[in-house]
Amino acid sequence: MNSILLKIAVVTAVIIGAISCSKTTDATNFSGTIKGLRKGTVYLKKIEDTSLVVVDSVYLNGSDSFSFDVVISEPDIYYLYLDKKDGIQFNDLAELFLEPSENIVVTTQLDQFIKKMVVKGSENNTRLEAYKKVNNKFNLKRFELINKMSKQVVRKNRDSANAIKKQLQKLVKNKYLYTVNFAMSNKEYEVAPYILTKEIKDAQTKFLDTVYQNLTPKIKTSKYGKELEKLILERAAN
């Protein structure tokens, strides 16, 4: 009897060990270094059911490095938040496009947490950052034109205000065209439908549908591929 129980215990231990190893293998090691950090809490968060929830966190005291093992079922948007206890909430909240990988490594520095951030190991994030560099220029120019137009409106310079308004409309159109072309060029990546649903969801349906029809089958069935399809269907129903 003792021999049978021993065999059962051994088999059970092997099964549990195999399951444990499987979970570790499936997890992505997400690590990083924040140069200049001496004390603070690093959070990895994501949106679930419209709420920003904590996936993992670590309190650092005397160290500038962190490491999480994260199970990422598919490429998705996460947020890396550094709480420095400076009284300003979410001033150090970086958007990241993480994906299943063996290792994803982040390096940045304390005084320019978002601006100096470099992420290696996620192709979707690399492409998202490339899009953001150009998109940020559009956004800055838009802000500049809106300020100029507001001043002309206050001064009752209608002709000048209308001229700036036309520049603004042209800028928005160029941003939309750039976003559509970027998505078409990255149709094999989840970042393509993501930027459409986030940046130009109010674009003409024909542009959104053109991109959707050119997405690969894998991307169409992804989280953001489904969100893009839903947006298009809702437009068609109205």
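Q: Buried means under 20% relative accessible area, exposed over 50%, and partly exposed in between (1.4 Å probe, protein chains only). Why is Asn-135 called buried?

A: Its relative accessible area is 3%. The cut-off is under 20%, so Asn-135 counts as buried.

Q: What kind of model is this, and what limits apply to its features?

A: The model is predicted; local features need pLDDT of at least 70, side-chain atom pairs count only at pLDDT 80 or more, and totals for chains, interfaces and linings use all residues. Residues are numbered from 1 along each chain as its sequence is written, and side-chain values use heavy atoms, with hydrogens and water left out.

Q: How confident is the predictor, and over which residues is the pLDDT below 50?

A: pLDDT is the predictor's confidence in each residue, from 0 to 100. The chain averages 90, and 87% of the residues score at least 70. Over residues 8-24 the value is below 50. Contact means heavy atoms within 4.5 Å. Beyond near neighbours in sequence, residues 8-24 have 0 contacts in the model.

Q: What is counted as a helix or strand, and how many does the chain have?

A: Both are DSSP runs, numbered from the N terminus: helices (H or I) of at least four residues, strands (E) of at least two. The chain has 7 helices and 8 strands.

Q: What makes the pairs of Asn-135 polar contacts?

A: A polar contact is a pair of N or O atoms within 3.5 Å; within protein, one must be able to donate a hydrogen and the other to accept it, and residues adjacent in sequence count only if both atoms are side-chain atoms. Asn-135, in helix H2, joins its side chain to that of Lys-175 at 3.4 Å. A polar contact to the side chain of Glu-199 is also 3.4 Å. Both distances are within 3.5 Å. Neighbours within four places aside, Asn-135 is in contact with Lys-175 and Glu-199.

Q: Is Asp-92 buried or exposed, and what does it touch?

A: At 7% relative accessible area, Asp-92 is buried. Asp-92 sits in the loop between strand E5 (76-83) and strand E6 (93-98). Residues up to four places away aside, Asp-92 touches Leu-80, Tyr-81, Leu-82, Lys-84 and Phe-113. Its side chain makes a polar contact of 3.1 Å with that of Lys-84. Phe-113 is 21 residues away along the chain, yet the C-alpha atoms are 6.2 Å apart.

Q: Why is Thr-197 called buried, and which residues is it in contact with?

A: Thr-197 has 15% relative accessible area, under the cut-off, so it is buried. Thr-197 belongs to helix H4 (residues 191-199). A polar atom of its side chain lies 3.0 Å from the backbone oxygen of Tyr-194. Neighbours within four places aside, Thr-197 is in contact with Tyr-224, Glu-227 and Leu-228.

Q: Why are Asp-49 and Thr-50 called exposed, and what are their phi values?

A: Asp-49 has 73% relative accessible area. Thr-50 has 78%. Both values are over 50%, so both residues are exposed. Asp-49 lies in the loop between strand E2 (39-48) and E3, and Thr-50 is in the loop between E2 and E3. Neither is a glycine, yet phi is positive: about 55° for Asp-49 and about 70° for Thr-50.
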